[in-house]
Every structure is written in structure tokens, then in C-alpha cells.
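Try each task before reading its solution.

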Amino acid sequence: MASERNHEIEGLLRESAPRALAAVARRFGDFADAEDAVQEATIDAARQWPVQGLPENPTGWLVHVASRRMTDRIRSEAARREREAAVAAKEPAMPAAAAEAGAADETLLLMFMCCHPALSPASAIALTLRAVAGLATAEIAAAFLVPERTMAQRISRAKKTIKESGEPFAMPAAPERGERLRSVLRVIYLTFNEGYAVSAGAELARADLAAEAIRLGRIVQLAASTEPEVGGLLALMLLTEARRPARTDAGGELVPLDEQDRSLWARELIDEGMTVLDAALARGAVGEYQLQAAIAAEHAKASRPQETNWGEILGLYALLERVTGNRMVALNRAIAAAMVDGPRAGLALLDELDEGLAGHHRLHSTRAHLLEDAGERAAAAAEYERAAELTRSIPERNYLTRRAARLNRG
Amino acid sequence: MKFMLLQAYGGVPEGTPPMTRWTPDEVDAHITYQKDLNAELTERGEFVDARGLSGPELAKFVVWDESGSPVVTDGPFPESKELLAGYRIIDVESVERAIEVAAQGSAAPGPGGEPIKQVIEVREVMGPPITH
């Protein structure tokens, strides 16, 4: 019973703490201090609620306690007396209706602060997971396999950087708003990628990061539903996550897309991803996340690999390459070209990429696959070996080593 | 990106005496430097782990044997300089930063308080796949 109650409180805190943080930061105009105060308030809540019962309005409770702490802090700093007066002069709380309308905006503002351009991606991810997703520092540390103290310092330095930037807790003007939204999407996508990579043992916990990223994607979707790329990213994550059960075998080894058991794909995630994607595409401003999601959707539509519409995928990759200028996209386009026009067509495209991607393991693994398809076993084996030497991923190295061994000795 | 910074017993300039022949102050200065470096890494949000390994005298080399009892070779070993003395694991933004930390480790004071200039091996720790 007690643990059930604690579980309920934990969930409630995760929901209300980010909202409370947005409200307190808005009221006091100081994101970093507000984050500290809300953290302390949630600790109070975790201690008091199980004994005293749940408050009627948990967010309001947290805002109240955190604000009191903020006021105490300001009072105790003699140099900031003027600010205290300014705060005291402000209206204590917004009318309920206005508060509700502002909630989505405030969540977005929180994300903007956490994805501040002065922060490194790793810091932005850590801060977002704590301030917006409501995770505890220990949970974030475990997800990234670093000690809790290291993660606590990373977060505290991130807040310091934001404080020193002097940026007010207010919605930026239009051009900057778009820019910041893009960094928010990037941070969410990086978090998702960290989590999507399932492997054995301790790293299983990373799966939770993918779930957190999807949750963050939904939060931003609520706050900025008219931005097509927000829907594009959410759809991309849902469609990618849907494949997770089929992506590794029982031993944690990678299963390539064309060998996956597609009956294991999560149907409800695919359906939701398709719906979100269609709504985003209907808005007419296509971007890289929507294009990637559209490619994932093409794979999802094919119940067998042979049914894949590679012509459509080839077109989408060409568009994606134009939008992003990313050479890694060109690698995927080469694969799609090989599926449409045969391995030689793909290999010809790869030759153009040699200079820019020399030494990148994916160039070699892609070439290896195409050479294998073209029947050039020895050359393919050499490319698999080179790719295995260069990759930074253990499951990937295992996979590439097996492919090479199969051609050399199989 | 996680990196392991490894240091072997060798890898110091010719003629550097073993630590047991340093003055106590020199030994203290070296240990303090290493601890301070770990504290600095923690403060920067980059520290993962740092361990020293017990000495080559305690090292064992083990080879499986068909008979069921493995062949165990105990130290000391003539090639003990090649054995690992310790490692640090750090989580940093770039390989450049990993090199910077390794250089800091290599600058730990030795005899006379001069940087010991030990060679530090920098290896990226493999992780899960980063592509789909």
C-alpha cells in the first residue's frame, strides 16, 4: 500500500514540478534559482505528502513552497533588497484561466531555457531531463552511466551558465523563437538516440531515455502544435521506437531492418506516428524530421521487406539530402539507389562520397553491403573489416565482424 | 563520449626513479595532484571513475588448461613496465577535451616537482550504436 502511495506521489511530482518551475521562474524572473527552489520543494513534498495527504492542487502547493523559499533567499541577500520590493509589488498569482492558457507556453519557455545555445548538448539534455521531464539527478546519472555527483555538477554548471547569460525568463521574439525551437528538437532527438540504442546489461536502462524523449516530444507538441517539425520529430520517434522489439535479438545483437521479424513491430506506435506525421505534412512546411519520419513510415507500411517502396524512399532521401546537406544522408540514398537500380548504382554514388567521409565506419559498412550484393565477396569482406575497426559501438562491431567472418571463412 | 585514460608502469622518461625512491613530499605532491585532478573533473561534470591497480608483484597471468586446473603464472615479471598501473574514465564532449585531460595527467609532478611526462594512452570506450 505504502509503495503504491509513494508511486502515485512520484508520478504526481513528475507532472507538477515542471509546471511549478515554469510558474516560479516566470514570477521571479530567475530560472536557475527557481529550479533550485522547486527541487527543494519537491523534496519537502515527498516527505510531507505521504503523512499529511495529497494537497488538492499539487502544482499550487509546490509553487507556494518554492516561492516562499525564493523570497527567503532574496531576503537573506541584503544586496538584493531592491528586487524583493519589485517582487512584492507584483501580483501574487495569475487568474486561473490565464494560468491555464499560459501553461503550454510556459513549458515551452522552460524547454527554451534548458536548451540554451550556450550549453553543450550533454548539459542541455541533463537539464531538460531534470527540469522538464522531472527526473531525479540519480536517475539521469544512471541513464548516462556516470556517478550522481558528476551529473549533479553537470546540471549545476548548466544552470550557472544560463544565469550568467542574463537571459530573462520570457518568450523570445519570432526569429529567435524558431531558432530555439530547433535546438529544443535537436536536444530531444539526441536524448532519443541515446535511449534508442538498446544493448545488454547495464545499458538496458537507457531504453527509458527513449521513452522520456517521446514524452518530451509530446509536451512540446502540446505547446507548439502548429510547428510541423515538432510533429515530424514526434512521428519519427514513434515510428523508430515501434521497431525496437525487433531490432535486437535475445542476445542483444543487432538485427538489420531487412531481417527483422516485422510482426514484432509495435502497431499502436506506428498508427500514432502515421497520424501525427500526416497532420504535420498537411501544414505544408516540410523539414528534416518530417522527411525522416516519412522514410520510417514507408518502412512501416511494408509488412515484408520485398514490399518496400524503395522508389519513394529514394526520392525522400534526395529531398532530405538537399534540406540538410548531410553526407550521412547520402549514404542512405546510395542504399536506396541500390535497391532501385542495383548495387552498382549505389556503389557509384558511394565513390563520390569517399573524400568527405573517408575513415567513417558507415561509409565502409555501406560499401561492404553493396559489394556483397554485387557478388564481390573478397572486397566486401575487406570493407566489413575496415568498418569493424572504425566503429564505436560494440553491437555494431559484433555484427560487422560476423559479416566479415561469414565471407572470409563461411 | 567516454574515454579511458590508461597509464602503464613504463612510459616515463629514461632514468626516472620508481616512486618509492622519491622524497615523501614528492610522493605527497604527486598523489595530491591526482586527487585534485579527479575533483576538478567531478566539478566539471566529467568524472566517471579512476582506479589504481595493485602492483605487478600481485599480478597473475592465467591460461586455461585442458586438465581442468588453469596454469597460473605469478609475478614478479621482467616486463612489468608494460603492465597497467591505473586508469581514469571520463565523459567529455570531444576527443580534444580527452587529450587535454590526459595531458593534465601526464603533467603530474615527479621528482623535484617537475612534470613526470608519463605517456597516457587515450582510448574511446565503445557504446551502443548511435545510428538506426
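Two residues are in contact if their C-beta atoms, placed from the backbone, lie within 7 Å. Please keep in mind that this is a predicted model.

**Exercise 1. Work out how α20(A) and α21(A) are oriented to each other, and which residues meet.**

Step 1: Find the two helices. In chain A, α20 covers residues 377-390 and α21 covers residues 394-409.

Step 2: Take the geometry. The axes lie 8 Å apart, and the packing angle is about 155°.

Step 3: Classify the angle. Angles over 145 degrees count as roughly antiparallel, and α20(A) and α21(A) are therefore roughly antiparallel to each other.

Step 4: The crossing of α20(A) past α21(A) is left-handed.

Step 5: List the contact. From α20(A) come Arg377(A), Ala380(A), Ala381(A), Tyr384(A), Glu385(A), Ala387(A) and Ala388(A); they meet Arg397(A), Leu400(A), Thr401(A), Arg403(A), Ala404(A), Leu407(A) and Asn408(A) of α21(A). Sorted by class, this contact of α20(A) with α21(A) holds eight nonpolar, two polar and four charged residues.

**Exercise 2. Describe the crossing of α11(A) and α14(A), then the make-up of their contact.**

Step 1: Locate the pair. Look for α11 at residues 228-241 and α14 at residues 288-301 of chain A.

Step 2: Read the geometry. Their axes come within 8 Å and cross at roughly 35°, and α11(A) passes α14(A) in a left-handed crossing.

Step 3: Pick out the contact. On the α11(A) side, the residues include Gly232(A), Leu236(A) and Leu239(A), while Ala293(A), Ala296(A) and Ala300(A) are among those on the α14(A) side.

Step 4: Sort by class. The contact of α11(A) with α14(A) has ten nonpolar, four polar and one charged residues.

**Exercise 3. Is Ala23(A) buried or exposed, and is Pro13(B) buried or exposed?**

Step 1: Ala23(A) belongs to helix α1 (residues 2-28) of chain A.

Step 2: Apply the count. A residue is buried if 20 or more other C-beta atoms lie within 10 Å of its own; Ala23(A) has 24 such neighbours inside 10 Å, so Ala23(A) counts as buried.

Step 3: Look at its surroundings. Leaving aside residues up to four places away in sequence, Ala23(A) touches Val63(A) and Glu106(A). Gly60(A) is 37 residues from Ala23(A) along the chain, with 9.4 Å between their C-alpha atoms.

Step 4: Turn to Pro13(B). Pro13(B) sits in the loop between β1 and α1 (24-43) of chain B. The limit for exposed is 12 or fewer; Pro13(B) has 11 C-beta neighbours inside 10 Å, so Pro13(B) counts as exposed.

Note on methods: Residues numbered from 1 in each chain as written. Chains lettered and ligands numbered in written order. Predicted model: local features only at pLDDT ≥ 70, side-chain atom pairs only at ≥ 80, totals over all residues. Axes fitted to C-alpha atoms, helices over the stretch in contact; angles between N-to-C directions. Helix = DSSP H or I, 4+ residues; strand = E, 2+ residues; numbered from the N terminus. Parallel < 35°, antiparallel > 145°, perpendicular 65-115°, else oblique. Left-handed = near helix turned anticlockwise from the far one by under 90°. Nonpolar A, V, L, I, M, F, W, Y, C, P; charged D, E, K, R; others polar.
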